Amino acid sequence: MTEKSTPSATARVVTYIVRVEFGDCDPACIVWYPNFSRWIDAASRHFFAQCGVPPWHETEKTSGLIGTPVVDIHSRFMKTASYGDTLEIHTSVSEWRDKSFVQHYRVMRGEDLIMECDEVRIFAARREGTSTGIRAIAVPADIRALCC
């Protein structure tokens, strides 16, 4: 049975600030879309750090957890952003599952919703006997407790 939780108004939300630079933009001065993925990935790690989760290199030493890679992503763009803009990426976990979770992002410029994204991520450990393979592990109860 998969354990799920529905998004709620009480879900913990952590904000990550991004200042858009000229080099983040394409020739039309619009943020080049892959930069949003880069910023969202940084916002994901920032979320865990703000919740009190140690860096992944430390969790690897203590529990074998090497990080939270993405296994599925859905993005929707509503408005453009350009250099000089300050973006706020509001990050929360909208659903906890046995070996994965859904992280929800709202990228805002003031009151304007620029982009919304949902990522399914797993908690990963190294596959035994290999230095490159990974495997999904159960959501660590201590990390979930810190993030709720």
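Author: Start with accessibility: a residue is buried under 20% relative accessible area, exposed over 50% and partly exposed in between, with a 1.4 Å probe and protein chains only. This is a predicted model, where local features need pLDDT of at least 70, side-chain atom pairs count only at pLDDT 80 or more, and totals for chains, interfaces and linings use all residues. Residues are numbered from 1 along each chain as its sequence is written, and side-chain values use heavy atoms, with hydrogens and water left out.

Reader: Then why is arginine 109 called partly exposed?

Author: Its relative accessibility is 22%. That falls between the 20% and 50% limits, so partly exposed is the word. Aspartate 112, at 28%, is partly exposed too.

Reader: What makes aspartate 112 and arginine 109 a salt bridge?

Author: The test is a side-chain nitrogen of Lys or Arg within 4 Å of a carboxyl oxygen of Asp or Glu. Here the closest N and O atoms are 3.6 Å apart. The value passes, so the pair counts. Salt bridges that share partners then join Lys79, Asp85, Arg109 and Asp112 into one network.

Reader: How many salt bridges does a search of the whole structure find?

Author: It finds 10. One of them joins the side chains of glutamate 60 and arginine 126, at 2.7 Å from N to O.

Reader: Why do you say that glutamate 60 and arginine 126 tie together separate parts of the sequence?

Author: Glutamate 60 lies in helix H2 (residues 56-63) and arginine 126 in strand S6 (residues 112-126), so the pair ties together parts that are 66 residues apart. Helices (H or I, at least four residues) and strands (E, at least two) are DSSP runs, numbered from the N terminus. Glutamate 60 is partly exposed at 32%. Arginine 126 is partly exposed at 37%.

Reader: Which residue meets glutamate 116 in a salt bridge?

Author: Arginine 76 does, at 3.1 Å from N to O. Glutamate 116 is in strand S6 and arginine 76 in strand S3, 40 residues apart. Glutamate 116 has 17% relative accessible area, which is under 20%, so this residue is buried.

Reader: Now the rings. How many aromatic pairs does the structure hold?

Author: It holds 10. Take phenylalanine 36 and phenylalanine 77, with centres 5.3 Å apart and planes at 70°.

Reader: What makes that pair edge-to-face?

Author: Rings of Phe, Tyr and Trp (its six-membered ring) pair if their centres lie within 6.5 Å; planes under 30 degrees apart count as stacked, over 60 as edge-to-face and the rest as tilted. The planes stand at 70°, so this pair is edge-to-face. Phenylalanine 36 sits in helix H1 (residues 34-50) and phenylalanine 77 in strand S3 (residues 70-77), 41 residues apart.

Reader: How do you know whether phenylalanine 36 is buried or exposed?

Author: Its relative accessible area is 4%, so phenylalanine 36 is buried. Phenylalanine 77 reaches 42% and counts as partly exposed.

Reader: Why are tryptophan 96 and phenylalanine 101 called tilted?

Author: Their centres are 5.6 Å apart and their planes at 35°, so the pair is tilted. Both residues are buried: tryptophan 96 at 3% and phenylalanine 101 at 0%.

Reader: What makes you place the charged end of arginine 45 over the ring of tryptophan 56?

Author: The rule asks for NZ of Lys or CZ of Arg within 6 Å of the ring centre and within 35 degrees of the ring normal. The charged end of arginine 45 is 4.4 Å from the centre, and it sits over the ring.

Reader: Why is alanine 28 called exposed?

Author: Its relative accessibility is 54%, which is over 50%, so alanine 28 counts as exposed. Alanine 28 is placed in the loop between strand S1 (14-19) and H1.

Reader: What makes the protein count as compact?

Author: The protein has 3 helices and 7 strands. Its radius of gyration is 16 Å, close to the 15 Å that the globule rule gives for 148 residues, so it is as compact as a globular protein of that length. The radius is taken over C-alpha atoms, and the rule is 2.2 Å times the number of residues to the power 0.38.

Reader: What is the mean pLDDT of the protein?

Author: It is 92, and 94% of residues reach 70 or more. Over residues 1-7, though, pLDDT is below 50. pLDDT is the predictor's confidence in each residue, from 0 to 100. Where it is low, the predicted coordinates should not be read in detail.

Terms used
Contact means heavy atoms within 4.5 Å.
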